[in-house]
Amino acid sequence: MTDTLPDSRATARWLKTATADWKRPVATVSVLTMADAVPAVAFAAGLGWAMGSAVDAVGEGLSMLAAVAPGAGLSVAALLLRGALAQITAGRAAKVAMQVKNGLRQRLAPAVLSGRLSDAAAMTGFVEAVDALDGYFAKFAPSRTAAAIVPLILIAAAAVVSPFAAGILLFTLIPFVLGMALTGMAAAKESRRQFVAMERLSGLFLDRIRALPAILTFEAETQQTGIIARASTQLAQRTSKVLKVAFLSSAILEFFSALSVALVAVYCGFNLLKILPFPAPDSLTLGKAFFLLALAPEVYQPMRRLAAAYHERQAADSAVPSLQALSDATSEVAPQPLKLKAAPVIRFENVSIRYDQNLPAVENVSLALDIGETVALMGPSGSGKSSLLHSLMGLAPISAGRITVDGTPLGPHIDLVPSIAYAGQAPMVIPGTIEDNIRLAWPAASTRQIMEAAVKAGLKGDLSRMVDERGGGLSGGERRRLGLARAFLKPSAILILDEPTAHLDRASEDALLPILRQAIAGRTTLIATHSEQVAKLAHQVVTL
């Protein structure tokens with residue numbers, strides 16, 4: 001891990017490639033941001049119109065209110081339009097940033113779960129690094145486009161009234177841009193160091209959580225608390241340095257902005273008073289002068305927004321190395337789904353499963369499942385029944401032999417899970433309604449389909465009933481039926497059942513058997529069980 005900041009152009013190229021699917025929404029936000037130039041010019045024009053009309057009304061003895069009303073109305077309308085546009089832009093930017101982050105997390109999740117990266121690197125990239133892109137897409141990216149185009153549009157509008165004042169604004173942009181560049185480079189190094197400190201603190205915290213039993217055993221709580229506290233202090237110091245550079249940047253930019261507005265104000269005042277020390281290149285009226293004075297601060301507003309959002313770019317620059325590591329790991333592990341339209345033929349050919357250097361969990365097992373056939377795996381606990389089921393889903397390592405599905409060998413690059421419905425011994429439960437829990441098997445299912453699956457599984461009662469993550473509110477039988485309802489709901493060609501009647505009394509098991517018979521119909525099914533009654537549902541029984 002180094003403190004070297006990655007090349008910003010390389011970062012921009014990586015972000016552009018990684019987020020190409022959201023190019024159009026990001027461009028829409030940029031267009032909305034640039035549209036702010038329209039109400040800015042309208043407001044300045046309305047103000048200049050109102051002030052010029054007021055002077056004319058006084059000179060001609062006309063009604064002040066009637067003379068000022070059109071220009072004032074234009075200014076008010078411009079302010080209202082600007083407020084509405086800002087609200088729409090902010091909402092749209094937040095939505096786009098959320099879409100980008102969610103999409104990236106979906107792509108990077110396989111690398112996090114693969115174990116190819118350390119817990120610290122994986123979680124820092126998946127959580128902090130992705131979150132660091134929020135401001136980049138919501139603020140910096142649209143502000144960068146607006147800062148490059150909007151000032152020139154406003155200066156062109158000023159040139160229509162006074163080419164000389166427009167020249168002042170254009171000339172003062174040079175030190176403004178140089179100030180932004182210098183302070184940006186100063187912030188880059190500190191921002192990278194801050195992110196590295198955050199990554200180290202995350203890794204340190206995860207390591208201590210993992211070693212918590214040992215820490216408590218050896219009564220090292222105070223020592224480890226001190227270590228974490230020092231790492232937290234270092235992160236706070238890095239953050240403080242980033243803030244100092246940000247405040248310095250803001251002060252420099254405000255100075256040049258105020259200076260340019262002051263120069264325009266001095267020119268307009270001297271021009272109106274006809275006391276310029278050189279021949280006036282243009283003649284200003286009070287209305288034109290107010291137009292220029294109202295427009296001058298707006299020229300620098302997009303660049304001030306960019307400066308305020310510049311640290312978002314630095315955060316993204318700092319986060320990209322972690323995201324690249326996750327992306328590279330994802331490209332290595334991302335499997336291709338094997339889509340099955342009908343119940344397949346499955347072959348286990350001399351399969352052995354070994355989790356470590358100890359004795360194999362399964363050794364040299366061969367079995368065959370024909371189209372729509374059901375095989376029951378029986379044997380004592382620890383004989384490898386669940387391991388064989390898991391190997392079909394890619395959750396157990398095959399150390400020897402192979403598994404084929406319709407002749408296609410399974411491997412790291414083949415994902416069979418989309419074609420499998422699974423009901424385990426203890427179905428996972430999430431906080432929410434029973435309907436939400438059933439929907440996990442097939443998120444695209446309609447409420448009617450979920451209700452039909454629940455009825456088939458014999459899961460009675462109100463599906464809007466709430467349960468907690470421990471399954472509170474569900475009996476043991478209802479929890480099994482929840483898993484079966486998921487299996488009914490998911491339109492899959494393969495069904496895997498892991499001890500579907502374990503820990504049930506004989507009456508509950510007998511009630512569940514017709515449901516199991518209905519579930520396995522038309523699917524190639526593999527069942528791990530200790531129950532002779534469940535085994536009778538199978539076409540063949542294999543004892544391990």
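Contact, as the word is used here, means that heavy atoms lie within 4.5 Å. With that in mind, glutamate 298 is in contact with Ala40, Arg82 and Leu154, leaving aside its neighbours within four places in sequence. The structure is a predicted model, in which local features need pLDDT of at least 70 and side-chain atom pairs count only at pLDDT 80 or more, while totals for chains, interfaces and linings use all residues. Residues are numbered from 1 along each chain as its sequence is written, and side-chain values use heavy atoms, with hydrogens and water left out.

- Glutamate 298 is found in helix 10 (residues 286–308), where helices (H or I, at least four residues) and strands (E, at least two) are DSSP runs, numbered from the N terminus.
- Glutamate 298 counts as buried because its relative accessible area is 15%; buried means under 20% relative accessible area, exposed means over 50%, and partly exposed means in between, with a 1.4 Å probe and protein chains only.
- The side chain of glutamate 298 makes a polar contact with the side chain of arginine 82, at 2.4 Å; a polar contact is a pair of N or O atoms within 3.5 Å, where, within protein, one must be able to donate a hydrogen and the other to accept it, and residues adjacent in sequence count only if both atoms are side-chain atoms.

**Salt bridges**

- Side chains of opposite charge can pair when their charged atoms come close.
- A search of the whole structure finds 12 salt bridges, a salt bridge being a side-chain nitrogen of Lys or Arg within 4 Å of a carboxyl oxygen of Asp or Glu.
- One of them joins glutamate 349 to arginine 402, with the closest N and O atoms 2.9 Å apart.
- This pair links distant parts of the chain, since glutamate 349 lies in strand 2 (residues 346–353) and arginine 402 in strand 5 (residues 398–405), 53 residues apart.
- Glutamate 349 is partly exposed at 30% relative accessibility, and arginine 402 is partly exposed too, with a relative accessible area of 39%.
- Another salt bridge brings together the side chains of arginine 448 and glutamate 452, at 3.5 Å from N to O; both residues lie in helix 14 (residues 447–456), 4 residues apart, which is about one turn of the helix.
- Within that pair, arginine 448 is exposed, with a relative accessible area of 65%, whereas glutamate 452 is partly exposed at 40%.
- The side chains of arginine 465 and glutamate 478 also meet in a salt bridge, at 3.6 Å from N to O.
- Arginine 465 lies in the loop between helix 14 and strand 10 (466–467) and glutamate 478 lies in helix 15 (residues 476–489), so this pair ties together parts that are 13 residues apart in sequence.
- Salt bridges that share partners join Asp36, Arg82, Glu298 and Arg305 into one network.

**Helix 15**

- Helix 15 is mostly covered, with 10 of its 14 residues buried, among them Leu482, Leu484, Phe488 and Leu489.
- What covers these buried residues includes strand 8 (420–423), helix 13 (434–439), helix 14, strand 11 (494–498) and helix 16 (506–520).

- Strands of a sheet pair through backbone hydrogen bonds, either parallel or antiparallel.
- An open sheet of 4 strands has the order 3-2-5-6, with antiparallel pairing; two strands pair if DSSP finds at least two bridges between them.
- Strand 3 (362–369) and strand 6 (408–409) stand at the edges with a single partner strand each, so one side of each is left without a neighbour in the sheet.
- Strand 2 and strand 3 pair in the antiparallel sense over 5 bridges, and in strand 3 the bridge partner of arginine 347 is alanine 368.
- Helix 12 packs on the sheet, touching strand 2, strand 3 and strand 5, and its direction makes about 120 degrees with that of strand 2; axes are lines fitted to C-alpha atoms, for helices over the stretch in contact, and angles run from 0 to 180 degrees between N-to-C directions.
- Strand 2 is also joined to strand 5 by 6 bridges, and these two strands run antiparallel.

**Serine 386**

- Serine 386 lies in helix 12 (residues 385–392) and is partly exposed, with a relative accessible area of 23%.
- Leaving aside its neighbours within four places in sequence, serine 386 is in contact with Gln425 and Asp498.
- Serine 386 and aspartate 498 are 112 residues apart in sequence and 6.8 Å apart in space, from C-alpha to C-alpha.
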